[in-house]
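The structure is shown first.

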Amino acid sequence: MKAVVVGGVAGGMSFAARARRLAEDAEIVVLERDPYVSYANCGLPYHLGGEIGDRDALLLHTPQSLAESLALDVRTGPEVLAIDPARRTVAVRELTAHADAAQLSARIAAGEWVADLRSRQVFAAGHVRGSQVAAAQRDLARIGIDHLAGAADGTPQEWAGGQPLESFPVASFADLAAVRRHRPVTILDVRRALEWAGSRLDGALHIPLQDLRARIGEVPGGEIWVHCRSGYRAADAGLSLVTGTAAARAA
Ligand SMILES: Cc1cc2nc3c(=O)[nH]c(=O)nc-3n(C[C@H](O)[C@H](O)[C@H](O)COP(=O)(O)OP(=O)(O)OC[C@H]3O[C@@H](n4cnc5c(N)ncnc54)[C@H](O)[C@@H]3O)c2cc1C
């Protein structure tokens, strides 16, 4: 007997494990489009809430451990597009088809999203114009972005096709305090209104990130220090400022 299971995690892995117990000699293939095939969904709120600190504690099995313990052939990455019961075939698409520098440039030029999965510090140090910080593929799927057109590894220098990389400096609040003693700078706070109401830096200009593009003309010229709570919104705002203030002032 040969069985193809579409989707892992709860129902799919339960079926595959049960099928193995019923048929020791069966060939059982599990096709899971996400990178993770067995994890504790119910533990996610506890991880987000900080009670389960180690994210890996939620991961129960890997394709390797399922191959060893249950002789299952688990393949992560393929998305099943169609099932043909008459021919007993499934059509699959690999979510992470490799993209080269030319394809990346063309997609960015066409206005498509390019997700840069490196840390925000590494992103700040050098990235391809048009790419955006995002979480991992599974997180994208969880918010409804199922279809990744391709993926690239390597370095931004390789993807940029000879174009200069964009970057912005990253600093601490201690750096900001030191700089303010020597020269006037604009401090732009891009947190939400409730966070701003709770506490704020003296003399800061408040424009929530979601309003920044529309209100970019309110940002004065000169040296701008952007802050939020953890740095991600500030990095996003930094990108908007690099591309938006010049255009707003020229208009
Ligand atoms: C945060 C959270 C907390 C939860 N807490 C609890 C709890 O405490 N108690 C409880 O009983 N339940 C809980 N649940 C619900 C429980 O996790 C789900 O009911 C259960 O996972 C559903 O099982 P499933 O097999 O139908 O789907 P899933 O577990 O979602 O598995 C489906 C899998 O199929 C894959 N897939 C889908 N389409 C394709 C395709 N075309 N090709 C390849 N792969 C595909 C998906 O990527 C996915 O991994 C929780 C869920 C969440 C999100």
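## Strand pairing

Strand β2 and strand β5 (residues 73-76) pair in the parallel sense over four bridges. Here, strands (E, at least two residues) and helices (H or I, at least four residues) are DSSP runs numbered from the N terminus, and two strands pair if DSSP finds at least two bridges between them. Within this pairing, Glu32 stands opposite Thr76 in β5.

This is a predicted model, in which local features need pLDDT of at least 70 and side-chain atom pairs count only at pLDDT 80 or more, while totals for chains, interfaces and linings use all residues. Residues are numbered from 1 along each chain as its sequence is written.

Strand β2 also pairs with strand β1 (residues 2-6), in the parallel sense and over five bridges. Val6 stands opposite Leu31 in β2. From β1 the chain crosses through α1 to β2, and this β-α-β crossover is right-handed; that is, with the strands pointing away from the viewer, the path from the first strand over the helix to the second runs clockwise.

An open sheet of three strands has the order β11-β10-β12, with parallel pairing. The strands β11 (205-206) and β12 (224-227) stand at its edges with a single partner strand each, so one side of each is left without a neighbour in the sheet.

| Strand pair | Sense | Bridges |
|---|---|---|
| β1 and β2 | parallel | five bridges |
| β2 and β5 | parallel | four bridges |
| β10 and β11 | parallel | two bridges |

## Nonpolar cores

The largest nonpolar core has eleven residues, among them Leu188, Ile207, Trp225 and Ala234. Such a core is a set of buried Ala, Val, Leu, Ile, Met, Phe, Trp, Tyr and Cys residues joined through C-beta atoms within 7 Å, where buried denotes 20 or more other C-beta atoms within 10 Å of the residue's own, with C-beta atoms placed from the backbone. Two or more residues of this core come from each of β12 and α11 (232-250), and α11 gives the most, with three residues. Apart from this core lies another, of ten residues, including Val5, Val30, Leu66 and Val74.

## Ligand shell

The ligand is surrounded by 17 residues, of which the closest are Gly7, Ala10, Gly11, Asn41 and Cys42; a residue is near the ligand if its C-beta atom, placed from the backbone, lies within 6 Å of it. The elements α1 (11-22), β2 (27-32), α2 (44-48) and β6 (78-84) give two or more residues to this shell.

Definitions and conventions. A residue is buried if 20 or more other C-beta atoms lie within 10 Å of its own, exposed if 12 or fewer, and partly exposed in between; C-beta atoms are placed from the backbone.
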